[in-house]
There are 2 protein chains.
Amino acid sequence: MPDSMSMFRLMGLPDFQEGDDLAQNIIDTFISQKQTLVAGDILVIAHKVVSKSEGACAYLDQVTPSEEAIELAKTVNKDPRKVEVILSQSSRIVRAMKRPDQDEGVLIAEHKHGYICANAAVDESNADHPGQLILLPEDPDKSARELCLVLEKHFGCELGVIISDTFGRPWRLGQTNVAIGLANVPGVMHMLGEEDAFGRPLSVTAPAFADELAAASGLLMEKSAKSPVIVFRGLDWPKTNSSSKDLMRAHNEDLFR
Amino acid sequence: MPDSMSMFRLMGLPDFQEGDDLAQNIIDTFISQKQTLVAGDILVIAHKVVSKSEGACAYLDQVTPSEEAIELAKTVNKDPRKVEVILSQSSRIVRAMKRPDQDEGVLIAEHKHGYICANAAVDESNADHPGQLILLPEDPDKSARELCLVLEKHFGCELGVIISDTFGRPWRLGQTNVAIGLANVPGVMHMLGEEDAFGRPLSVTAPAFADELAAASGLLMEKSAKSPVIVFRGLDWPKTNSSSKDLMRAHNEDLFR
């Protein structure tokens with residue numbers, strides 16, 4: 001484990017539309033900013049630029065809500081078409097709530113990818129125009145791996161890529177970024193067999209490495225600042241055939257579903 | 001918001017015992033390491049060194065378990081004396097579970113300070129000897145403020161201090177550090193009134209700034225490495241009269257209690 005590390009954000013990326021080559025745009029921006037990547041660098045990339053360039057979006061004016069969506073929309077005062085999109089992304093609605101002081105409530109959903117999050121990660125912020133909803137990429141691990149391969153080929157070194165989204169948490173206020181797609185970067189660092197500073201086995205300790213990185217990226221990734229790519233430099237980590245599934249608690253081990 | 005930042009860990013801190021002057025030890029270690037602190041630096045400090053120096057510990061051989069503890073201990077196969085200590089730290093047990101493949105189960109508790117966490121944060125790892133349990137500090141915000149004041153006086157600049165603990169999460173595997181005590185550092189950055197990159201109000205976005213820092217500290221704070229103090233440099237943050245309560249969701253807004 002190193003004694004220090006640094007993070008910086010890649011400035012100057014353009015807005016993205018369906019069909020844009022995100023990896024090439026990132027490479028071009030590194031070149032235009034006179035920056036590079038070195039072996040061991042990890043990039044945390046906000047999923048919105050991945051989703052937009054992949055066309056993972058929905059448009060309210062193209063949605064016809066189902067009866068289920070119309071009924072559920074009433075309980076949380078949401079546009080039934082938005083609820084229809086949320087349902088299309090979900091395997092299950094975990095909680096539905098609108099507080100009296102809220103105009104619009106929240107649907108806590110289990111996304112079909114497995115994450116539990118507000119409104120199945122269907123998001124209006126940073127959409128290009130009203131009525132556009134940004135969804136999660138179809139396969140965030142695949143997106144991360146493809147991006148990583150192109151970047152590794154260009155920069156000639158081993159890299160890691162994390163695709164992140166911003167999630168709320170039970171019990172605690174405020175949001176943090178979490179890892180929803182992984183390339184090379186371990187999701188969890190299993191420390192089984194290691195010992196604490198006093199020789200006691202660390203049998204339960206397993207730092208959520210990719211989520212630590214994602215959360216840290218939020219320190220430089222301001223939604224209003226168009227800085228969706230954050231680079232971590234100086235960490236020592238084992239290249240792993242990882243997946244965002246590595247961070248998901250199994251249903252039968254979960255106490256809060 | 002800056003474009004880059006750095007983190008380093010303070011090496012060379014001693015082990016701590018009740019009565020040790022943690023702040024002075026940190027200052028002495030900065031001096032011996034030929035390092036300093038500059039205005040705006042934020043220190044994330046693992047609560048264990050705070051708890052140990054404050055004597056926030058329990059000793060199994062001094063505990064007589066209650067009937068309630070004895071009964072609860074059976075359901076999770078824990079030492080009834082440890083359960084007694086957990087109950088003494090808790091306002092409520094939220095969940096109790098032992099999976100068939102586990103030797104010892106877990107009690108998810110609402111700590112009397114308000115946090116919801118495993119075993120009311122009662123911890124055996126990094127205890128000095130078997131039978132010692134490390135508790136949370138009596139008032140982590142107060143501990144953070146007192147530490148911060150001493151450090152600010154010595155280094156002659158405004159600083160921030162976060163006391164952290166390592167928590168598991170519902171739904172996601174692995175642990176991350178979270179902020180349980182705050183001095184000067186905002187818990188949540190409220191962005192009400194700000195706009196996203198496309199001029200849409202960011203009405204719900206509120207990054208959990210102190211938790212982002214705590215989680216990031218885990219990248220350099222290895223349990224086995226005796227590095228309980230991590231310094232963040234280069235961030236731009238508003239000095240705030242903050243409290244760890246700023247990160248706690250109100251009971252009536254919580255869907256998972």
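User: Which residues is Gln89(B) in contact with, leaving aside its neighbours within four places in sequence?

Analyst: They are His111(B), Lys112(B), Ala120(B), Val122(B) and Leu135(B); contact means heavy atoms within 4.5 Å. The model is predicted, with local features needing pLDDT of at least 70 and side-chain atom pairs 80 or more, while totals for chains, interfaces and linings use all residues. Residues are numbered from 1 along each chain as its sequence is written, chains are lettered from A and ligands numbered from 1 in the order written, and side-chain values use heavy atoms, without hydrogens and water.

User: Why does Gln89(B) count as buried?

Analyst: Its relative accessibility is 7%, and buried means under 20% relative accessible area (exposed is over 50%, partly exposed in between; 1.4 Å probe, protein chains only). Gln89(B) therefore counts as buried.

User: What makes the link between the side chains of Gln89(B) and His111(B) a polar contact?

Analyst: The distance is 3.4 Å. A polar contact is a pair of N or O atoms within 3.5 Å; within protein, one must be able to donate a hydrogen and the other to accept it, and residues adjacent in sequence count only if both atoms are side-chain atoms.

User: What makes S5 and S6 of chain A a pair?

Analyst: S5 (residues 106–111) and S6 pair in the antiparallel sense over 3 bridges, and pairing requires at least two DSSP bridges. Strands are DSSP runs of E, at least two residues, numbered from the N terminus. In S6(A), Ile116(A) is the bridge partner of Glu110(A).

Methods: Helices (H or I, at least four residues) and strands (E, at least two) are DSSP runs, numbered from the N terminus.
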